[in-house]
Amino acid sequence: MFPDRTGARRLPPALVCRGVGVLHRGTAVVRDLDLTVEAGEIVALLGPSRAGKSTLLHAVAGLVGLSTGEIWLAGRPVANPQVGLAPERRPVGMMFQDDALWPHLEVIDTVAHPIRREGVRPESARAEALQLLEWFGVGHLAGRRPTDLSVVERRWVGLARLLARSAEIHLYDEPSAQLDTHLRVRFQAQLAARQRATGTAALYATHDYAEAFTVADRVAVLSGGRISQVGTPAAVYAEPATLAVARLTGPASVVRARVSAGSGDGLDIEVGGVLACVPGGAAGPLPRDEPARLLVRPDWAHLGGPFQGRLRSACYLGPHTDYLLEVPGGEVLVREPGPPLHPSGATLSWGLRRTWALPAEAGATPEPGSAKPVVTGLLGGDGRPAPATRVPPTDLTPA
Ligand SMILES: Nc1ncnc2c1ncn2[C@@H]1O[C@H](COP(=O)(O)OP(=O)(O)OP(=O)(O)O)[C@@H](O)[C@H]1O
């Protein structure tokens, strides 16, 4: 326990990675990575395939060595490029995509094994294991062998075995990857609830933003072995630092539009010759002489509003329909409740409840003609673009 500024005692972080690098066959697969997981916190490591998620988990568990940096667990240094504590001596538990359950052991002995390794007598360990299985609602599996279990039952047993071991941090590597979609969401929600109840911290690797948002207190977005952004699920969804982060953290459409800081909390944006003030902000400074890239999440857009677009497709998803509109400067995905109401090709009006200006890509050159005003949609009687029409912000939010 460390005293903080107020003098109160607090637990050290469960995990600290400082400048961590890992090489695989001479290539850096994790680079200069800083990450802290506080005691009791669940952090999702969200990234595409080959981002380095598994490699980082393996480095924390002691299964691969570091080329740079250091790793601390619960206030103790456990690895740097020169030395590393052996995996079995690290206070971590890990659940892989496919847990190999010992085929010769009954479920109860599988879960009791880590408890016995901590010096508990066999009968007490079995009683504790049964309690854990019952806690997960799978006590009836106690006498079965792995070959008699369904995929989801194997996952519950793997999870019970993981939580049976006392640890400072649990590491999860895509634990629901093998489950059918309808089982996955329930499994993730229950896993997160059980994990929270233990009070142990967790680092949870996934490529699925919905899974990351379901389980985690904070999300660390990993790409190319580097962390691009760390924040709460709501923060990385609403205010992604880059377009790459935006795309990894949810459905993202982008409109190039002229933007300036609005008078209040918002941006003045011009799409298709219509100027409107929309709530939102920017990930960096707004470009002065070229169109900005505006991020639009489907739930930030609505049909009916000041702008015009052509319906390219409507995708019915049960509770809602996603309308893809071709708009001046890009395309917008609009989410509306209920079944599709409009035919492809129809011209629809749309508006924004919110938007978020993304920073220009490093080294990106302005598109040809991008220094001119984006006034492409509405033409005046003489064929020239009509002057932009200003729409007050109050008109943009449907009742
Ligand atoms: N032991 C290994 N064998 C083969 N490749 C490895 C190994 N360790 C790391 N790599 C390489 O490191 C990079 C990162 O891989 P890693 O498995 O950590 O990514 P990931 O984000 O977990 O991807 P996935 O979601 O596909 O599992 C890849 O390019 C991979 O080829």
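Mentor: The model is predicted, and local features need pLDDT of at least 70, side-chain atom pairs count only at pLDDT 80 or more, while totals for chains, interfaces and linings use all residues. Residues are numbered from 1 along each chain as its sequence is written.

Trainee: What does the UniProt annotation cover?

Mentor: The unreviewed entry carries the annotation "domain: ABC transporter" for residues 15-249. UniProt positions are given in the numbering used here, feature names are shortened, and annotations may be inferred rather than shown by experiment. Over residues 15-249 the chain is 36% helix and 27% strand, and the end C-alpha atoms lie 24 Å apart. Helices (H or I, at least four residues) and strands (E, at least two) are DSSP runs, numbered from the N terminus.

Trainee: Why are H3 and H4 called oblique to each other?

Mentor: Helix H3 is residues 122-135, helix H4 is residues 151-164, and they pack at an angle of about 130° with their axes 10 Å apart. Axes are lines fitted to C-alpha atoms, for helices over the stretch in contact, and angles run from 0 to 180 degrees between N-to-C directions. Angles under 35 degrees count as roughly parallel, over 145 as roughly antiparallel, 65 to 115 as roughly perpendicular and the rest as oblique. H3 and H4 are therefore oblique.

Trainee: In what kind of crossing does H3 pass H4?

Mentor: The crossing is right-handed. A crossing is left-handed if the near helix is turned anticlockwise from the far one by less than a right angle, and right-handed if clockwise.

Trainee: Which residues of H3 and H4 meet?

Mentor: Ala 129, Leu 132 and Leu 133 in H3 meet Ala 160, Leu 163 and Ala 164 in H4. By class, the contact of H3 with H4 has six nonpolar, no polar and no charged residues. Two residues are in contact if their C-beta atoms, placed from the backbone, lie within 7 Å. Ala, Val, Leu, Ile, Met, Phe, Trp, Tyr, Cys and Pro count as nonpolar, Asp, Glu, Lys and Arg as charged, and the others, Gly among them, as polar.

Trainee: What makes H2 roughly parallel to H4?

Mentor: The axes of helix H2 (residues 107-117) and H4 come within 7 Å and cross at roughly 20°. That angle makes H2 roughly parallel to H4. H2 passes H4 in a right-handed crossing. On the H2 side the contact uses Val 107, Thr 110, Val 111, Pro 114 and Ile 115, and on the H4 side Val 157, Ala 160, Arg 161 and Ala 164. These residues divide into seven nonpolar, one polar and one charged.

Trainee: At what angle do the axes of H2 and H3 cross?

Mentor: They cross at roughly 115° and come within 8 Å. H2 passes H3 in a right-handed crossing. Residues in the contact include Ile 108 and Arg 116 of H2 and Glu 128 and Leu 130 of H3. The contact of H2 with H3 has 11 nonpolar, no polar and three charged residues.

Trainee: Why do S4 and S7 stand at the edges?

Mentor: Four strands form an open sheet in the order S4-S3-S6-S7, with antiparallel pairing. Strand S4 (27-37) and strand S7 (76-79) each have a single partner strand, so one side of each is left without a neighbour in the sheet. Two strands pair if DSSP finds at least two bridges between them.

Trainee: How many bridges do S3 and S4 have?

Mentor: Strand S3 (residues 15-24) and S4 pair in the antiparallel sense over seven bridges. Leu 15 stands opposite Val 37 in S4, and Val 22 stands opposite Val 30. S3 and S4 form a hairpin with two residues between them, and Arg 25 in the turn has a positive phi of about 50°.

Trainee: What is the order of the sheet of six strands?

Mentor: The order is S8-S9-S10-S5-S11-S12, an open sheet with mixed pairing. Strand S8 (92-95) and strand S12 (226-231) are the edge strands, and each pairs on one side only. S8 and strand S9 (residues 169-173) pair in the parallel sense over four bridges.
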